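Open the model in a viewer and keep a selection tool ready. The stops below follow one another by selection.

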Amino acid sequence: MLADLDLLLIAVFCTADDLLPHATKNARRILTDAEVVTLAVAQAIMGIPSDERFLRVAQKRLGHLFPQLPKRPGFHKRRGRLTDTIE
């Protein structure tokens, strides 16, 4: 099952990376917009409504795909800014 989730998230990332406009560089950001979109899709698929709990689970289950995950406030803000794009 994890391999299937990995493949799905890789496909989501590649699609999002191709479709999203490239944002300006920001030295404080550790994730691209495509990675944030991919994490949001993973959160929805895994059915974890809490950002804090999702990021803990993601570190264990998706750490090989995302070696650096943001803290909860940063993830929440970035996902909020990309809500229209995600929909």
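Begin with Arg-56 and Glu-52: being four residues apart in helix α3, they are separated by about one helical turn. Helices here are DSSP runs of H or I with at least four residues, numbered from the N terminus. An α-helix has 3.6 residues a turn, so residues three or four places apart point the same way. The side chains of Arg-56 and Glu-52 meet in a salt bridge, 3.6 Å from N to O. A salt bridge is a side-chain nitrogen of Lys or Arg within 4 Å of a carboxyl oxygen of Asp or Glu. Glu-52 counts as partly exposed, at 48% relative accessibility. The scale calls a residue buried under 20% relative accessible area, exposed over 50%, and partly exposed in between, with a 1.4 Å probe and protein chains only.

Before moving on, note that this is a predicted model, in which local features need pLDDT of at least 70, side-chain atom pairs count only at pLDDT 80 or more, and totals for chains, interfaces and linings use all residues. Residues are numbered from 1 along each chain as its sequence is written, and side-chain values use heavy atoms, with hydrogens and water left out.

Next, select α3 (residues 51-61) together with α4 (residues 72-81). These helices pack at an angle of about 110 degrees, with their axes 9 Å apart. Axes are lines fitted to C-alpha atoms, for helices over the stretch in contact, and angles run from 0 to 180 degrees between N-to-C directions. α3 and α4 are therefore roughly perpendicular to each other, a label for angles of 65 to 115 degrees. On the α3 side, show Asp-51, Glu-52, Phe-54 and Leu-55; they meet Arg-72, Phe-75, His-76 and Arg-79 of α4. Contact means heavy atoms within 4.5 Å.

Within that pairing, pick Asp-51 and Arg-79. They form a salt bridge whose closest N and O atoms are 2.7 Å apart. Asp-51 lies in α3 and Arg-79 in α4, so the pair ties together parts that are 28 residues apart in sequence. Asp-51 is buried, with a relative accessible area of 8%.

Now keep α4 alone. Which residues of α4 are buried? They are Phe-75, Arg-78 and Arg-79. They cover an arc of only 100 degrees around the axis, which puts them on the same side of α4; the arc is that of the directions from the helix axis to the C-beta atoms. The face of α4 turned away from its buried side carries the exposed residues Lys-77 and Arg-81.

Select Arg-78 and Asp-33 for another salt bridge, with the closest N and O atoms 2.8 Å apart. The two residues, in α4 and α2, are 45 residues apart. Both count as buried: Arg-78 at 11% relative accessibility and Asp-33 at 17%.

Last, go to Phe-66, in the loop between α3 and α4. Phe-66 is buried, with a relative accessible area of 6%. Leaving aside residues up to four places away in sequence, Phe-66 touches Glu-35, Thr-38 and Leu-39. Phe-66 and Leu-39 are 27 residues apart in sequence and 9.0 Å apart in space, C-alpha to C-alpha.

Definitions and conventions. Angles under 35 degrees count as roughly parallel, over 145 as roughly antiparallel, 65 to 115 as roughly perpendicular and the rest as oblique.
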